[in-house]
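Please find below a colleague's note on the structure shown here. It is meant to be read with the sequence and the model side by side.

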Amino acid sequence: MDRRSPAHLGVAPTAAVSIRQSVGHATVLPVLLSLLLLLAAVPAGAVEATHSTGAAQGTTEVRRLAGPNRYGTAAELSRDGWATAASVVVADGGSAFEALVAGHLAARLDAPLLLSTPPSSGLPAPTETVEELRRLDPSLVYQINDAVLPALDEESVEVQSVRGSSPATLAVAALRAVPGPPGLPTVVASSAVFADALSAASLAPAQLLLTAPDQLHPSSRAYLAEADAAEVHVMGGPAAVTEETVGQITALDLPVSRVAGPNRYATSVVAADVAGATATHLAVASGQDWPDAVALVPWAARRDAAVLLSTKAELPPEVRDALGPPTGSDRPPLATIEDVAVAGGTVAVGNYVDDQITARLAGQPDPGAAAEVRALTMEERAAMTGVSWRPGCPVGLDDLRVVQARRWLFDGTVADGGQLIVHVDVTADVTQVLQRIFEARFPIARMEPVRRYAADDIASMDANNTSAFNCRVVAGTTRWSEHAFGRAVDINPIENPYVGRTVVLPDAGRAYLDRSDVRPGMIIRPGPVVAAFAEVGWCWGADFSSSDDYQHFSESGR
């Protein structure tokens, strides 16, 4: 946009420090997650120019194990891991710790975990769970705290109920029901935060006990007092399980080690290392929410997989460094990763995480905007003619280029195929800006040529479309807009409206007039978008003397 007036209301005139500390002993064991860098190649695209690199294409595909919801994801993990199963564990899909206890119980059984509805909901078992139970055809179903079961043939299927009034008592009840074979590691995790018990999946099958952070639960204490544990692994740092609680375990004359990093993601790296240095399978799950992650516990145990946690948007630095040594590191690869699976859909773990895993395993840096520059196709020329371009425009179609790039969306995922049409002379500037914006994780709602909106600038703004070339004049004048030269870009018009003396465009931009209330997608100074354009010498429309055009950047300053 540039200096619009109220008359312009239609179509324009044509690393974490990882710790495994031995409590009560003098030794501190080093921890390194042993993961191999796989070689990969980035295929060259048939493009006129490439100003930034994209994601590395590795030889090992990162696959998704996901369904349309938590029940479907659990069923998908079951299908991937088991052709049939003599036993199945069914837990309430609305209770994190019931599901985590069930997951570790299932790991001890070498059985899948399926999720269902709580009895209080009055709802039947989810279709995904019913269908997967039918496929598995088990002879024994472990029902956790009355999670809803579908109708079962009582003559062929035995149901064993496992109940507990609290996470800690439920964990003990599950251990008494299925302690597992001798020699399993014993794990104590906080019942206040799910992430550390989930990270213990790398140690599964294990004997999982839960406790309050600042006091060893009596039921857990009683179980430990009678157990013959070779070593007790306490998951997480003192904020998760205090030193006083660890001392209560040590007082039972049990050897204790703390498996911890400075945060939950680093703790997952340490747990994977403690589990062993020969893991060939890797699983990644959300460390921010549990529903798509819990059924991963028995799946990982069955595959002897390392389990690492991630945020939705991207891998935490500690996990990135575990997957591949930082640039310039002399640390050699120690093991081969043959299989990588991400649990859940992009609502749980965004698609950029897949790209980062692929790149790290290939020894490549994190992927960027992957901006490519190419000439207009014959189809694009035909679609633009008479719409966003016509004879008499100040530039010819031969002077224009398509810059195609990936961009962050507002939901924390990355989209391919965004396009800006710009003048050939500014392609290097625009690709650099798009790369900088991508690196800053700045979200862009849409990025489409304005011909898809019939070259109607208002319609494009109403759609919150980021755009560039449009053969039109400045509102209220006969002077060509900088957009008509392909030398201007408008970004997120709703979050960054044009504000004139008597008009705000688009109208939805009124919600963003208070520029001190900074929200995603808003362009501010100082900020990454203004800085990226300043780096290539472009000017911001918010600096116009007669208006605040927050969305607009141009090479000329007009």
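The points below concern a predicted model and take up a helix, a strand residue and a pocket in turn.

1. Helix α6 spans residues 218–226, and its buried residues are S219, S220, Y223 and L224. They lie on the same side of α6, because they cover an arc of only 130 degrees around the axis. In general, an α-helix has 3.6 residues a turn, so residues three or four places apart point the same way.

2. The opposite face of α6, turned away from the buried side, carries exposed residues, namely P218, A225 and E226. The cover over the buried residues of α6 includes helices α4 (167–177) and α7 (243–250), together with strands β11 (186–190), β12 (207–211) and β13 (232–235).

3. Residue Q143 belongs to strand β9, which runs over residues 140–144. Is Q143 buried or exposed? Q143 counts as buried, because its relative accessibility is 14% and the cut-off for burial is under 20%. Apart from neighbours within four places in sequence, the contacts of Q143 are V90, L149, V159, Q160, S161 and V162.

4. The second largest pocket holds about 290 Å³ of space. Its lining consists of 21 residues, and those nearest the centre are G236, G237, A239, A240 and G261. Two or more lining residues come from each of β1 (19–23), α5 (194–199), β14 (256–260) and α8 (264–275).

5. By residue type, the lining of the second largest pocket comprises 10 nonpolar, seven polar and four charged residues.

Technical notes
Residues numbered from 1 in each chain as written. Predicted model: local features only at pLDDT ≥ 70, side-chain atom pairs only at ≥ 80, totals over all residues. Heavy atoms only, no water. 1 Å grid on protein atoms, 1.4 Å probe; cavity = no way out; pocket = protein on both sides within 12 Å on 5 of 7 lines; lining within 4 Å. Points joined across faces, edges and corners; volume = space filled by probe spheres on them. Helix = DSSP H or I, 4+ residues; strand = E, 2+ residues; numbered from the N terminus. Nonpolar A, V, L, I, M, F, W, Y, C, P; charged D, E, K, R; others polar. Buried < 20%, exposed > 50% of the residue type's maximum accessible area, 1.4 Å probe, protein only. Contact = heavy atoms within 4.5 Å. Arc of directions from axis to C-beta.
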